[in-house]
Amino acid sequence: MMTTAPRPRERPNANADADAAMRALGNALLSLLERDQAPPCALDDRWTSDDHTTRADVAKHCQPCPLLDPCDTAATATKARFGTWAGIDRTPRGRTT
Ligand code: SF4
């Protein structure tokens with residue numbers, strides 16, 4: 001009896017979309033850094049604070065960020081479930097970590 005090798009698992013498109021979105025965000029960030037600029041959240045842990053009020057308060061600082069669109073796309077594609085991304089606190093209510 002002849003056996004066939006198992007087919008490699010295909011990557012779901014969602015993973016490919018998430019990878020592409022994160023790559024696009026990374027490239028946009030590198031481009032910004034090359035111009036000696038940084039997003040408002042750089043080196044600021046309030047965006048990932050355990051405190052909901054803190055995360056909500058910093059959300060308004062995302063609006064002028066040049067990475068707003070790729071950040072939103074990346075958060076959506078990766079189904080981000082913690083922290084503030086693109087002006088939206090993605091942490092479900094009640095979750096603290
Ligand atoms: S839009 Fe994204 S990259 Fe820009 S400050 Fe907000 S969380 Fe940071």
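Which residues does C71 touch, not counting residues up to four places away in sequence? In this predicted model, the residues that C71 touches on that count are L25, W85 and A86.

## Overall layout

The secondary structure of the protein comes to 3 helices and 2 strands, and from the N terminus on these elements follow the order α-α-α-β-β. Of the 97 residues of the protein, 18% count as buried. Among contacts between residues at least 6 apart in sequence, 61% join residues that are at least 24 apart.

## Helix α1

Helix α1 has 22 residues and reaches 31 Å from its first C-alpha to its last, which is close to the 32 Å expected at 1.5 Å a residue. This helix is hardly covered, since the count of buried residues among its 22 residues is 1. Just after α1, D36 takes a positive phi of about 60°.

Just after α3, K79 takes a positive phi of about 55°.

The largest nonpolar core has 8 residues, namely L25, C62, L67, C71, A74, A75, W85 and A86. To this core α3 gives the most, with 3 residues.

## The shell around the ligand

The ligand is surrounded by P39, P40, C41, W47, C62, C65, L67, L68, C71, T84, W85 and A86. The elements that give two or more residues to this shell are α3 and β1. By type, the residues of the shell divide into 11 nonpolar, 1 polar and no charged.

## A56 in helix α2

A56 lies in helix α2, which covers residues 52-58. Is A56 buried or partly exposed? A56 is partly exposed, because 14 other C-beta atoms lie within 10 Å, whereas a residue counts as buried only if 20 or more do so. A56 and R90 are 34 residues apart in sequence, and in space they are 9.8 Å apart, C-alpha to C-alpha.

How values were computed:
Residues are numbered from 1 along each chain as its sequence is written. This is a predicted model: local features need pLDDT of at least 70, side-chain atom pairs count only at pLDDT 80 or more; totals for chains, interfaces and linings use all residues. Helices (H or I, at least four residues) and strands (E, at least two) are DSSP runs, numbered from the N terminus. A residue is buried if 20 or more other C-beta atoms lie within 10 Å of its own, exposed if 12 or fewer, and partly exposed in between; C-beta atoms are placed from the backbone. A nonpolar core is a set of buried Ala, Val, Leu, Ile, Met, Phe, Trp, Tyr and Cys residues joined through C-beta atoms within 7 Å. Two residues are in contact if their C-beta atoms, placed from the backbone, lie within 7 Å. The expected span of a helix is 1.5 Å times one less than its number of residues. A residue is near a molecule or strand if its C-beta atom, placed from the backbone, lies within 6 Å of it. Ala, Val, Leu, Ile, Met, Phe, Trp, Tyr, Cys and Pro count as nonpolar, Asp, Glu, Lys and Arg as charged, and the others, Gly among them, as polar.
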